Amino acid sequence: MKYAELVGVYERLEGTAKRLEKTAILSEFLKNVSDEKVLLLVQGRVFPNWDPRELGVAAKLLVKAVQVATGASLEKIEGVWMEKGDLGLAADELVGKKTQATLFREQLSCAKVFDNLRKVAELEGEGVVDRKVQLIAELLSSAGEGEAKYIVRTVLQELRIGLGEGTIRDSIVWAFFGEKYGAGYDAEKNSFTVREQDKYGAAAALVQDALDRLNDVVEVVQRARQGEDALRGVELVPLRPVKVMLYQKALNVANALEIVGVPAAAEFKYDGFRLQIHRDGDKIVLFTRRLEDVTAQFPDVVSVVRKNIKSARVIIDAEVVGVDPVSGKYLPFQNISQRIKRKYDIGELAAKFPVEVNVFDILFMEKSLIDVPFEKRRMYLKEITEELPGALKLAEQTMVNTVEEGEKVYARALEEGNEGLMMKNVQAMYKPGSRVGFGVKVKPTMDTLEVAVVGAEWGEGKRGAWLASFIVAVRDPESGKFLEIGRVGTGIKEKSEEGTSFEQLTALLLPLKTEESGREIRVIPKVVMEVDYEEIQASKAYSSGFALRFPRMVRLREDRAAGEVSTIDDVRRLAGAQRGRDQ
Ligand code: AMP
């Protein structure tokens, strides 16, 4: 397919804010396209959803590529970028001027764009920066009208065409089951109707389930094309990360029991970070909750899993906690967070910060277990886990029937230095991704929010060299959009020795810059912080309709992806609870 054709689809998608219209456009496209490369590109990707590899190209490198492709000076490029407020638009203008002068231009194909970008991601070693610049520049030089914009945005991993996960799922259902079950769309009224509601709904559930299990839109599209049977009974694949199950916040133990029912499994909530442990025979791979591969950083975990997990093909969910090698006490999360990032001297750091693996769930053992009730999964997990003090154990679990019993476990959990309590419905299946109340968490600090930084403002006076105020946002799970909720400038340190500093945040955010106007920049939402605040107020000042009063950064959440931050529903719930408390 010509890249221009795909650009036409991007433009139509970007051109409408109506979700139904987007769904109609994408479903039409999916019906007619089965090329894997194109199906990835339309999502703005070059790797399947489950593949942890990233393009990893900073805006600075892109600017270079624009320079090589157009011959424009750096100042010129930065100037147009400032004026347009979007590097993609700037590239388009600069490339457009150039290509008008070139008469014979070979039209870009999707395959060419895909192959070059894939190479960019895969190149490693010394001197690769120039090669990457060349590969991108080659695409930009051949770009026709409107094409450079989307090449740049694909590289920045932000297409900005408003395609959320929900829209993609709906488009798949519509494309392959719409006709079959009498779906009708009235563009003028922007209304969608289905004749056979039940069957259409069942097909939608199958699509969602297959997406959860495979974490691969392209494969689900191909299966949906074949019909319902191909979507049924999809197995998880060891070594391919699955989206983890997330847990809602409960207000307290009583509220938690209301949500999960009795008897409930009360477990310690360990304050470490999550590892999804995959094993297929000799091969063991560890993923973070953001599905990054951190196997190399945790040789100690790999080794204990190899020896003490008695099953050859498994996927296990665990929380890994730092342990003080002298006192044996748990260490705060910050200490082991160093291990996630470390690329060298891994053995040394592993000795300095040993970890204990607390296994709490199992998703696969020879076959998928995610449909099996939690109490049974726990039994399987127990069977195959040979505990090793200080290195591997089952998460501490107590069955509770009353609030009083729950409170007791909660008190013990906190006393022993844990973050709080998890309460789980013993009958629930494992549900990747969605927060569905199959399990909840109870923590003493209930009202912090996790927010994504979407923009920032340069400081003044002695903070003039840094970004000093951060525009933060929560997520709308329906549209996938980020909704602003406030500006955070407190809780951040001036000196790096004291904690997360302005300088550090500035260094993290600048490579993510997409726009700049006046003192303000906009960034790709990637950096996540946990904030507390005095109150949530209704407000027209921000796109979420809420504003945080006196927000303060508690800590940077490097273990979180922007797609996982608190949702607008969380905010509504917390605002509601706050009202309840005030009355
Ligand atoms: P939160 O990070 O506050 O959303 O709480 C959920 C996280 O708690 C999970 O993603 C795990 O990383 C962690 N966790 C700690 N202990 C457990 C446990 N026993 N069961 C489930 N999750 C746990």
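Visitor: Which residues in α14 meet which residues in α19?

Guide: Val253, Ala254 and Leu257 in α14 meet Val403, Gly406, Glu407 and Tyr410 in α19. Contact here means heavy atoms within 4.5 Å. Before we go on, some housekeeping: this is a predicted model, where local features need pLDDT of at least 70 and side-chain atom pairs count only at pLDDT 80 or more, while totals for chains, interfaces and linings use all residues. Residues are numbered from 1 along each chain as its sequence is written, and side-chain values use heavy atoms, with hydrogens and water left out.

Visitor: At what angle do α14 and α19 pack?

Guide: Axes are lines fitted to C-alpha atoms, for helices over the stretch in contact, and angles run from 0 to 180 degrees between N-to-C directions. For α14 and α19 the angle is about 120 degrees, with the axes 9 Å apart. That makes α14 oblique to α19. The cut-offs go like this: under 35 degrees is roughly parallel, over 145 roughly antiparallel, 65 to 115 roughly perpendicular, and the rest oblique.

Visitor: How do α10 and α12 pack?

Guide: Helix α10 (residues 165-177) and helix α12 (residues 217-226) pack at about 20 degrees, their axes 9 Å apart. That makes α10 roughly parallel to α12. Their crossing is right-handed. On the α10 side look for Ile168, Ile172, Phe176 and Phe177, which meet Val217, Val220, Val221, Ala224 and Arg225 of α12.

Visitor: And at what angle do α11 and α12 pack?

Guide: Helix α11 (residues 197-214) packs with α12 at about 145 degrees, with the axes 9 Å apart. Here too the crossing is right-handed. Val207, Ala210, Leu211 and Leu214 of α11 make the contact with Val217, Glu219, Val220 and Arg223 of α12.

Visitor: How many residues does α11 have, and how far does it reach?

Guide: To get the expected span of a helix, take 1.5 Å times one less than its number of residues. α11 has 18 residues and reaches 26 Å from its first C-alpha to its last, close to the 26 Å expected. Just after α11, asparagine 215 takes a positive phi of about 55 degrees.

Visitor: Which residues of α1 are buried?

Guide: Buried means under 20% relative accessible area, exposed over 50%, and partly exposed in between (1.4 Å probe, protein chains only). In α1, Tyr3, Leu6, Val7, Val9, Tyr10 and Leu13 are buried. They cover an arc of only 155 degrees around the axis, which puts them on the same side of α1. That arc is taken from the directions from the helix axis to the C-beta atoms. The face of α1 turned away from its buried side carries the exposed residues Glu5 and Arg12. Among the elements covering the buried residues of α1 are α2 (19-32) and α7 (110-122).

Visitor: Is threonine 23 buried or exposed?

Guide: Threonine 23 sits in helix α2 and is buried, with a relative accessible area of 3%. Leaving aside neighbours within four places in sequence, threonine 23 is in contact with Thr167, Asp170, Ser171 and Trp174.

Visitor: Where is glutamine 157, and what is its phi?

Guide: Glutamine 157 is in the loop between α9 and α10. Its phi is near 60 degrees, a positive value in a residue other than glycine. At 35% relative accessibility, glutamine 157 counts as partly exposed. Phenylalanine 550, with phi near 50 degrees, also has a positive value in a residue other than glycine. Phenylalanine 550 is in the loop between β21 (546-549) and β22 (552-556), and at 54% relative accessibility it counts as exposed.

Visitor: Which residues does the cis peptide bond join?

Guide: Valine 262 and proline 263, with omega about -10 degrees. Proline 263 lies in the loop between α14 and β4 (264-269).

Notes
Helix = DSSP H or I, 4+ residues; strand = E, 2+ residues; numbered from the N terminus. Left-handed = near helix turned anticlockwise from the far one by under 90°.
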